[in-house]
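The sequence and structure come first.

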Amino acid sequence: IKILPPLSSSSPICRNHDNQILDLYCQQCTIPVCVKCTIISHKGHPVDEVSKQIVQNKEEIQQGLEGFPVSQEHLKEVMTAGEEMKKKIKARKNEVDTIIRQAFAKLQ
């Protein structure tokens, strides 16, 4: 979704067509468009009302946010498990180092 900078008026106006309100949404290009845009630069593109798209976008964002805390908690668990594994690997490395040193000492 492309985010356009806010305009000064209360209703966003098309930058390409003077005094045309951006009250439609081009599904193909994922941007707000005016009526003139739909017959010129967005001809044949599927469009819908901006208000409907806003509702849909809010729902999609809400659904995405619902899964976020679970994902964040899962990430913490994975990080903790990784740290534990790192400690075990380091301990095993130290054991192997000791065994190797002892073996070399016996060979001398």
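**Surface patch, charged pairs, cysteines and sheet**

V96, I100, F104 and L107 make a nonpolar surface patch of about 400 Å². Patches are built from residues with over 30% relative accessible area and no salt bridge, where like charges are joined within 9 Å and nonpolar side chains (Val, Leu, Ile, Met, Phe, Trp, Tyr) within 5 Å. Accessible areas come from the Shrake-Rupley method with a 1.4 Å probe, and for residues only the protein chains shown count as cover.

The model is predicted: local features need pLDDT of at least 70, side-chain atom pairs count only at pLDDT 80 or more, and totals for chains, interfaces and linings use all residues. Residues are numbered from 1 along each chain as its sequence is written, and side-chain values use heavy atoms, with hydrogens and water left out.

- V96 belongs to helix α2; helices (H or I, at least four residues) and strands (E, at least two) are DSSP runs, numbered from the N terminus.
- V96 is partly exposed, at 32% relative accessibility.
- The exposure classes are buried (under 20% relative accessible area), exposed (over 50%) and partly exposed (in between), with a 1.4 Å probe and protein chains only.

**Salt bridges**

- Three salt bridges turn up in a search of the whole structure, a salt bridge being a side-chain nitrogen of Lys or Arg within 4 Å of a carboxyl oxygen of Asp or Glu.
- Side chains of opposite charge can pair when their charged atoms come close.
- One of the salt bridges joins K87 to E84, with 4.0 Å between the closest N and O atoms.
- K87 and E84 are about one helical turn apart because they are three residues apart in helix α2 (residues 50-107).
- K87 is exposed, with 56% relative accessibility, whereas E84 is partly exposed, with a relative accessible area of 39%.
- E95 and R92 form a salt bridge in which the closest N and O atoms are 2.9 Å apart.
- Both E95 and R92 are in helix α2, at a spacing of three residues, or about one turn of the helix.
- E95 is partly exposed at 43% relative accessibility, and R92 is partly exposed with a relative accessible area of 47%.
- K93 and D97 are also joined by a salt bridge, and their closest N and O atoms lie 2.9 Å apart.
- Helix α2 holds both K93 and D97, four residues apart, which is about one turn of the helix.
- K93 has a relative accessible area of 47% and is partly exposed; D97, at 24% relative accessibility, is partly exposed as well.

**Cysteines**

- A disulfide is a pair of cysteine sulfur atoms within 2.5 Å, and by this rule the count is zero disulfides.
- In general terms, a disulfide is a covalent bond between the sulfur atoms of two cysteines.
- C34 is in no disulfide either, and its nearest cysteine sulfur, that of C37, is 3.6 Å away.
- C26 is buried, with a relative accessible area of 0%, and C34 is buried with a relative accessible area of 0%.

**Sheet**

- An open sheet is formed by three strands in the order β2-β1-β3, with antiparallel pairing; two strands pair if DSSP finds at least two bridges between them.
- The edge strands, β2 and β3 (47-49), each pair on one side only.
- From one strand to the next the twist averages 40°, with axes taken as lines fitted to C-alpha atoms (for helices, over the stretch in contact) and angles running from 0 to 180 degrees between N-to-C directions.
- Three bridges connect β1 and β3 in the antiparallel sense.
- C26 has V47, in β3, as its bridge partner.

**Positive phi outside glycine**

- N19 is a residue other than glycine with a positive phi, near 60°.
- N19 is placed in the segment before β1 (24-26) and is exposed, with a relative accessible area of 70%.
- T30 is not a glycine, yet its phi is positive, about 55°.
- T30 sits in the loop between β1 and β2 (31-33) and is partly exposed, with a relative accessible area of 24%.
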